[in-house]
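Have a look at the model below and keep the viewer open while you read.

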Amino acid sequence: MKITLLFTIISVFLFSCNNSNKNQFEHAGGKITLSIENEPSTFISRDVTDVYSSNVLSQVMEGLVSLNPKDLTVQPQLAEKWEISKDGLEYIFHLKNNIKFHPHRIFHSEAERILTPLDVQKTFEYICSKGQIGTAGTAYSALFEKYLLGAKEFHEGKTETISGLSTNRSSITIKLTEKDNNFLNKLANISCAIISHHIIKENLEQDMIGTGPFLYREFIKDEVSSILLTKNKDYYLKDDSGNCLPYLDSIEYIIEPKKSNQLNLFKNKEIDLIRGLPASEITEMLEGRISDFNDTPPLLVLHNNPILTTHYYYFNLLDNRFKDVRVRQAFNYAIDRKKIGSEILRNQYSELGNFGIVPPVENAFKGYDFDGIQKVGYKFNPKKARKLLAEAGYANGKGFGNVNLRLNISDIHSAIADEVAQQLSTVLNINVNLDASTFGQLEKDGQQGNFELSRNGWAADYVSPETFLFNFYGKNVPESTLEKSSINKSRYQNPLFDEFFEKAKKSSKLTEQMKYFSQAEIELMKNPPIIPLWYKGDYGIVYSNVRNLYFNPLFLFNFTNVYKKEWTKEEFLKATKKK
């Protein structure tokens with residue numbers, strides 16, 4: 001017996017807008033421009049592990065399901081509906097009709113562009129296959145290896161197909177080895193985006209040919225680099241009035257690592273929104289321009305809420321010095337996070353890193369034991385730091401040697417790295433060399449183990465502690481040190497952590513999940529592979545003429561229904577119910 005879950009999106013209908021019916025929204029057109037700090041590290045969806053790649057590709061590529069940007073619930077995307085078996089081990093996804101992949105020279109007819117269940121099957125096989133250096137896609141490590149029946153055998157070359165995948169004319173069935181309460185949330189990740197089997201066959205995945213509302217147009221590499229996306233005129237969704245989506249003609253991402261430069265672009269109206277402000281200009285921007293926020297209608301709209309993102313440094317546990325837990329604890333106690341928060345971040349954070357890897361946002365993670373985690377967290381304690389280092393055999397830093405700290409080039413990250421280096425030198429008498437590079441190189445070196453201590457920021461893929469804790473699950477560490485470790489970059493292995501993590505995964509009750517995830521994180525921080533620094537709490541500012549844009553804790557933007565229109569006073573008062 002199956003439990004059928006039928007989902008529909010009331011506000012959209014399944015038709016292409018590139019036919020005789022071309023109803024256009026009266027305010028359609030125009031361009032949204034925004035900045036991202038770094039270039040995407042990849043344009044291949046299955047390999048995405050960073051927020052910059054995800055931000056861009058999520059406008060171009062789509063999966064069977066997606067997350068609603070308003071409330072972060074799972075919603076239909078390429079699948080019109082799905083059925084879940086009573087035991088949670090079988091999912092049947094029914095695809096929408098007449099969805100087309102973006103135009104590409106590889107397609108010899110319009111029929112070849114139509115999405116079919118075969119495309120889903122070949123995409124998942126592609127994700128589970130070994131890449132150029134013998135490593136499968138991100139979703140394989142994070143989801144399919146353990147849960148998709150037959151995925152591991154396929155990856156190891158023992159079978160030619162994945163036994164847990166089967167198709168018919170309009171649907172695909174996915175069979176799991178065990179129940180996963182977050183399966184649909186994980187399936188919404190960009191690393192599970194569906195690619196045409198024609199594209200896969202010709203090894204053209206880097207061309208970014210998806211089904212999304214925008215087409216990848218060009219990547220301009222110059223003094224100021226940018227990525228341009230343009231409207232997909234064949235997009236299959238319409239709004240509730242029958243108008244074609246998306247409304248916008250284009251999206252431009254300007255790659256600018258410096259927040260001060262981003263703010264100048266925003267002030268000059270060269271970008272439409274900004275997330276995070278330069279610490280030195282927060283007061284001027286928020287108080288000096290208060291009328292821009294309070295006018296009727298306002299020029300600017302402020303969003304200020306915690307972001308489910310943790311900034312931290314992680315240790316390379318292949319380094320013999322860091323195999324000693326006392327060394328890692330000493331480094332944690334040697335960091336004055338209050339000074340970093342007040343003098344560098346200028347209080348632009350939701351909380352300092354005195355907890356663990358999961359951001360302490362109680363309304364997002366109800367029932368999570370943040371108090372228990374904080375008790376085993378780390379506050380500035382120079383005396384304890386020096387004692388632990390001495391017990392590890394490095395009294396006053398003698399014999400420890402230099403430490404190379406890897407980071408990507410950024411005004412904030414560079415300033416924090418300078419401060420951390422000074423603090424470790426002052427407290428532990430350890431010299432720290434800063435090694436800055438592009439974000440892409442940082443990611444590559446982290447996966448391949450080419451670092452000693454490295455900066456990272458992890459943004460939640462969905463609202464669960466699992467999306468953070470999974471980064472330290474021991475079974476994600478490859479057997480060979482020569483293989484890249486895409487998820488668990490520290491190569492951290494802690495049997496107690498794994499035991500609680502697995503218990504949480506197997507729990508059907510949310511209260512039990514939170515209990516075991518909490519216990520897993522407590523064990524993680526007793527034996528820390530990381531130095532938590534701060535939890536993100538950005539100010540987001542957008543020009544008020546940008547309509548239907550939703551800010552959310554996952555840093556997830558969906559521009560499908562976004563349009564630009566100036567407000568009149570009367571319209572604004574009516575919309576906000578002011579009197």
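His311, Tyr312, Tyr313, His413, Ile416, Arg455, Leu533 and Trp534 line the second largest cavity. On a 1 Å grid over the protein atoms alone, a cavity is a set of points where a 1.4 Å probe fits but cannot get out, and lining residues have an atom within 4 Å of a point. This is a predicted model, where local features need pLDDT of at least 70 and side-chain atom pairs count only at pLDDT 80 or more, while totals for chains, interfaces and linings use all residues. Residues are numbered from 1 along each chain as its sequence is written, and side-chain values use heavy atoms, with hydrogens and water left out.

Where does that lining come from? At least two residues each are supplied by β14, α14 (411-428) and β19 (530-535), and β14 gives the largest share, three residues. Helices (H or I, at least four residues) and strands (E, at least two) are DSSP runs, numbered from the N terminus. By class, the lining of the second largest cavity has five nonpolar, two polar and one charged residues. Here Ala, Val, Leu, Ile, Met, Phe, Trp, Tyr, Cys and Pro count as nonpolar, Asp, Glu, Lys and Arg as charged, and the others, Gly among them, as polar.

The volume of this second largest cavity is about 40 Å³; a volume is the space filled by probe spheres set on the points, which are joined across faces, edges and corners. Lining the largest cavity are Tyr312, Tyr314, Asn456, Trp458, Asn471, Phe472, Ser486, Ile487, Asn488, Lys489 and Ser490. The elements giving two or more residues to that lining are β14 (309-315) and β18 (453-459). Its residues split into five nonpolar, five polar and one charged.

Now for the sheet. Three strands form an open sheet in the order β12-β20-β13, with antiparallel pairing; two strands pair if DSSP finds at least two bridges between them. β12 (273-275) and β13 (300-304) are the edge strands, each pairing on one side only, and the twist averages 10° from one strand to the next. Between β13 and β20 (residues 539-543) there are five bridges, and leucine 300 has tyrosine 543 in β20 as its bridge partner.

Helix α7 (residues 259-267) lies across β12, β13 and β20, running at about 155° to β12. Axes are lines fitted to C-alpha atoms, for helices over the stretch in contact (heavy atoms within 4.5 Å), and angles run from 0 to 180 degrees between N-to-C directions.

Technical notes: 1 Å grid on protein atoms, 1.4 Å probe; cavity = no way out; pocket = protein on both sides within 12 Å on 5 of 7 lines; lining within 4 Å.
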